[in-house]
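The following exercises are to be worked with the sequence and the structure at hand. Each task is followed by a solution in steps.

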Amino acid sequence: MANWTLVDGDWDLVANKSGATRLGFSLLLKFFELEGRFPDVLEEVPSAAVEYVADLVEAPATDFAKYTLVGRTAEYHRKQIREALRFRPSTVADEKALAQWLAVEVCPVELVEDRQREALLVECRARKIEPPGRTRVEKILVAARGKWEKTFCARTIGRLGEAGTARLLSLVAEDNEAGTALLAALKRDPGAVGLDSLLTEITKLNDVRKLGLPTGCSRTARRSWWPPGGHGRSRCTPQTSAARVRTYGSRCSRRCARLGRRRSPMPWSICWSLWSTRSTLVLSGGWRGSSPPS
C-alpha cells in the first residue's frame, strides 16, 4: 500500500476537502500517479486501496461510492491533479503525433492490440499528457495501424523491384490455377509440428525459391517493444519471431486487404503472401540472403 500513501504535497491538496470529496480526490490523485490516467469507473480503484486511503483521510470507505467521476467538481479535481503533477490534456495535434509514433516505433514490432494500447499510455505518460478518452484512444490505434500497413505495403513493393513484382503478379493472372494454388498453400498455417508439416514447409520453401524473389525484401522485423519499467524486455528467438510473423500475416489478411485493394498497385493477397512466405522461411530454417529477423 506504500504507493497509495499520501505524502506532504498530497496533504496540501486535500487540506480544504472533506467527506466523500476528500476521499474521492485522494484516490483519484494516487490512481493517476500510478496509472498515468484517470479511472473510467470507480470499480477500477482496488477495494484494498479504498480502505487504506479512507483510513488515512479519516473518512468512511463507503463514502467513495458517493463520489462521481463526471460533473463540475470532478473536472475541477482533474485539473488540480494535472497541474500538481505537471500534466496537460491531450490535443488533436498530440493525437496525430502519437499515431505517427505508434506507426513507426510500435506497430512494426508489437502485433497485439493490448500491447499497442499499453505502449500508447506509457508514451502519454512520458510526454506528460493525459491520455484521451477510450474512444479517441481506439481511433489513434486504428490510424497508427493504417499508417504502418500502408508503409509496409509500399516498402515491400519497392524492394521487390519490377522483375519481382511481375513474377508475383503473374501468379494472380486470370486462369493461372497453379499460381492461385501456390499462394493458397503459402498462406496456409503450418499446423502442429511433425514430420508431415515439416515436409510441407520444405516444399513451400522450394516453391518460393523458384520464384527468384530478391533477397531481404521482407527484412523488417525488430525486437519487441516493451514499456520502460514494465516486465522487462523480451528475449527474441527464432520461434517467437516466427510466431510474430504468423500473427502479422493473419492481421494483414483482415486489414491490409482494404489497403491493398484501394491504394496498392499490387493485389493485397500478394502482400499478405509475402509475410506468410517469410514465416515459412523462418520456420523451415531456410532464410536466404540475410540473417533471420531478431
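**Exercise 1: the surroundings of a helix**

In this predicted model, the cover over the buried residues of H2 includes helix H1 (8–14), helix H3 (47–57), helix H4 (72–85) and strand E2 (129–130).

Task: Determine how many of the 17 residues of H2 are buried, and what follows for the helix.

Solution. 
1. A residue counts as buried when its relative accessible area is under 20%.
2. The residues of H2 that are buried are Ala20, Arg22, Leu23, Gly24, Phe25, Ser26, Leu27, Leu28, Leu29, Lys30, Phe31 and Phe32.
3. Thus 12 of the 17 residues are buried, so H2 is largely enclosed by the rest of the structure.

**Exercise 2: a serine in H9**

Task: Describe the setting of Ser197 in helix H9 (residues 195–211).

Solution. 
1. Ser197 has a relative accessible area of 13% and is therefore buried.
2. A polar atom of the Ser197 side chain lies 2.9 Å from the backbone nitrogen of Gly194.
3. Apart from neighbours within four places in sequence, Ser197 contacts Pro190 and Ala192.

How values were computed: Residues are numbered from 1 along each chain as its sequence is written. This is a predicted model: local features need pLDDT of at least 70, side-chain atom pairs count only at pLDDT 80 or more; totals for chains, interfaces and linings use all residues. Side-chain values use heavy atoms; hydrogens and water are left out. Helices (H or I, at least four residues) and strands (E, at least two) are DSSP runs, numbered from the N terminus. Buried means under 20% relative accessible area, exposed over 50%, partly exposed in between (1.4 Å probe, protein chains only). A polar contact is a pair of N or O atoms within 3.5 Å; within protein, one must be able to donate a hydrogen and the other to accept it, and residues adjacent in sequence count only if both atoms are side-chain atoms. Contact means heavy atoms within 4.5 Å.
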